[in-house]
Amino acid sequence: PFSGSSTTGVAAINLKRRFVGIELEMEFLNLSLKRIEKAINDRKSSLQLIVREGRYGKKRRNSYAEKA
């Protein structure tokens, strides 16, 4: 019933889904926060790469495609 290390939360972020995580133990809470923060930052950096480069190497403002 608890988040643990937030494997489900990280999967939800990677699949563009929402999730709710509940944790009582501070050790697991800190681990979860680190993993979730990393997943969010990884996702943002891959999206920014696409936005910067755009299609065919041209810069575009409204290109929000996922990195293949």
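1. A quick note on terms before the residues: here buried means under 20% relative accessible area, exposed over 50%, and partly exposed in between, using a 1.4 Å probe and protein chains only. Leu24 sits in the loop between helix 1 and helix 2.

2. Provenance next. This is a predicted model, where local features need pLDDT of at least 70 and side-chain atom pairs count only at pLDDT 80 or more, while totals for chains, interfaces and linings use all residues. Residues are numbered from 1 along each chain as its sequence is written, and side-chain values use heavy atoms, leaving out hydrogens and water.

3. The overall picture: the protein has two helices and zero strands. (Helices are DSSP runs of H or I with at least four residues, strands are runs of E with at least two, and both are numbered from the N terminus.) Of the 68 residues, 22% are buried. The protein exposes about 6000 Å², and carbon and sulfur atoms supply 55% of that; accessible areas come from the Shrake-Rupley method with a 1.4 Å probe, and for residues only the protein chains shown count as cover. Taking contact as heavy atoms within 4.5 Å, 37% of the contacts between residues at least 6 apart in sequence join residues at least 24 apart.

4. Helix 1 covers residues 7–14, and Gly9, Val10, Ala12 and Ile13 are buried in it. These residues lie on the same side of helix 1, because they cover an arc of only 160° around the axis (the arc is that of the directions from the helix axis to the C-beta atoms). Gly9 has a relative accessible area of 3%. Gly9 and Gly21 are twelve residues apart in sequence, yet their C-alpha atoms are 7.1 Å apart in space.

5. Ser6, in the segment before helix 1, has a positive phi near 65° without being a glycine, and Ser6 is buried at 4% relative accessibility. Lys16 follows helix 1 and lies in the loop between helix 1 and helix 2. Lys16 is not a glycine either, and its phi is positive at about 60°; Lys16 is exposed, with a relative accessible area of 58%.

6. What does Ser32 touch, apart from its neighbours within four places in sequence? Ser3, Gly4, Ser5 and Ser6 are the residues in contact with Ser32. Ser32 is in helix 2 and is buried, at a relative accessible area of 4%.

7. Back to Leu24: together with Phe2, Val20 and Ile22, Leu24 forms a nonpolar surface patch with about 480 Å² of accessible area. Patches are made of residues with over 30% relative accessible area and no salt bridge; like charges are joined within 9 Å, and nonpolar side chains (Val, Leu, Ile, Met, Phe, Trp, Tyr) within 5 Å.

8. Finally, charge pairing. One salt bridge turns up in a search of the whole structure, a salt bridge being a side-chain nitrogen of Lys or Arg within 4 Å of a carboxyl oxygen of Asp or Glu. The partners are Lys38 and Asp42, at 2.7 Å from N to O. Both lie in helix 2 (residues 26–53), four residues apart, about one turn of the helix. An α-helix has 3.6 residues a turn, so residues three or four places apart point the same way. Lys38 is exposed at 51% relative accessible area, whereas Asp42 is partly exposed at 38%.
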